[in-house]
Amino acid sequence: MPGEDGYFDERVAARYDESSGEMFDPAVVEPVVDFLAALAGSGRALELGIGTGRIALPLSQRGVPVHGIELSKAMAGRLREKPGGEDIGVTIGDFATAAVEGTFSVAYLVFNTIMNLTTQAAQVACFRNIAAQLEPGGCFVIEVGVPSLRRLPPGETFHAFHVSETHWGIDEFDVARQGLISHHFELVDGSIERFSVPFRYVWPAELDLMAELAGMRLRERWSGWKREPFTSESTKHVSAWEKPA
Ligand SMILES: C[S@@+](CC[C@H](N)C(=O)[O-])C[C@H]1O[C@@H](n2cnc3c(N)ncnc32)[C@H](O)[C@@H]1O
């Protein structure tokens, strides 16, 4: 069982930026920041699961005031020690329930992190919690994979989603419960380290219903941050729901 930092404890936090290295590539980060800065306008941004500041730091450097909610003190500590980290307030807590002072013109939850809430009730609570903290006309943006069940033959429960010389990633599905455990095996200093995290995968249409329960409406859905079209072959989506003005 994880401790109070959840699955992103000190051991994971220490290696997060390196092991997620390709996600820190400016070619990946800049379109995210462009998208979010445009929605933020002259208002504030709230990042759920802010981590080590991969998106929050460059967004703040664009002039958008950013606040974060984060379960892991270890992850938040890494953000705080980076240049510009002191400009970003972090509330330690669960983004399904934690409230922050003031309101926001955009709230965002990237890199599949909605799936870290492992029950439907918690995911619905998250939408309600964020709707309450958005300004009228504000948006909640989620970036998450489309459940990859088309890759899972009948009777199978495992799917290898990443295979390289140093990292093997295997998803373990529990289809009846929309459960998923991502197992990572990484070569670190000559030995294999294991990191397994439970998720609840969630469908785009299901997220739309959660938004509606929270009083929000789908405003846009794309397959990427550069507003690429979302199609039957898309493997992920970027969706924004709007709180009525
Ligand atoms: C995959 S990392 C993403 C970090 C950052 N958003 C990024 O894009 O690099 C997920 C982060 O969400 C945090 N997290 C997971 N579940 C959470 C919850 N229920 N409440 C607050 N933070 C949570 C984890 O501790 C971790 O820092």
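A salt bridge here is a side-chain nitrogen of Lys or Arg within 4 Å of a carboxyl oxygen of Asp or Glu.

**Ground rules**

I am working with a predicted model, where local features need pLDDT of at least 70, side-chain atom pairs count only at pLDDT 80 or more, and totals for chains, interfaces and linings use all residues. Residues are numbered from 1 along each chain as its sequence is written, and side-chain values use heavy atoms, with hydrogens and water left out.

**Salt bridges**

I looked up the total and got 15 salt bridges.

I started with Glu-233 and Arg-150, whose side chains form a salt bridge at 3.6 Å, N to O. This pair connects distant parts of the chain, 83 residues apart: Glu-233 is in the loop between strand 10 (217–222) and strand 11 (236–242), and Arg-150 is in the loop between strand 5 (134–145) and strand 6 (158–163). Helices (H or I, at least four residues) and strands (E, at least two) are DSSP runs, numbered from the N terminus.

Are Glu-233 and Arg-150 buried or exposed? Both are exposed. For the cut-offs, I noted that buried means under 20% relative accessible area, exposed over 50%, and partly exposed in between (1.4 Å probe, protein chains only).

Next I checked Arg-62 and Asp-34, which meet in a salt bridge at 2.6 Å, N to O. Here too distant parts of the chain are linked, 28 residues apart, with Arg-62 in the loop between helix 3 (56–61) and strand 2 (66–70) and Asp-34 in helix 2 (residues 26–40). Arg-62 counts as partly exposed because its relative accessibility is 42%; Asp-34, at 41%, is partly exposed as well.

Then I turned to Arg-200 and Glu-206, a salt bridge with its closest N and O atoms 2.8 Å apart. Both Arg-200 and Glu-206 are buried. I also found one network, in which salt bridges with shared partners join Arg-219, Glu-220, Arg-227 and Glu-242.

**Around the ligand**

Which residues come nearest to the ligand? Of the 19 around it, they are Tyr-16, Glu-47, Gly-49, Arg-54 and Glu-70; near means a heavy atom within 4 Å.

A polar backbone atom of Gly-49 is 2.7 Å from a ligand nitrogen atom, and a backbone N or O atom of Leu-71 is 3.1 Å from a nitrogen atom of the ligand. For Glu-70, a polar side-chain atom lies 2.5 Å from a ligand oxygen atom.

How much of the ligand does the protein bury? Alone, the ligand exposes 600 Å², and the protein buries 95% of that (Shrake-Rupley method, 1.4 Å probe).

Definitions and conventions. A polar contact is a pair of N or O atoms within 3.5 Å; within protein, one must be able to donate a hydrogen and the other to accept it, and residues adjacent in sequence count only if both atoms are side-chain atoms.
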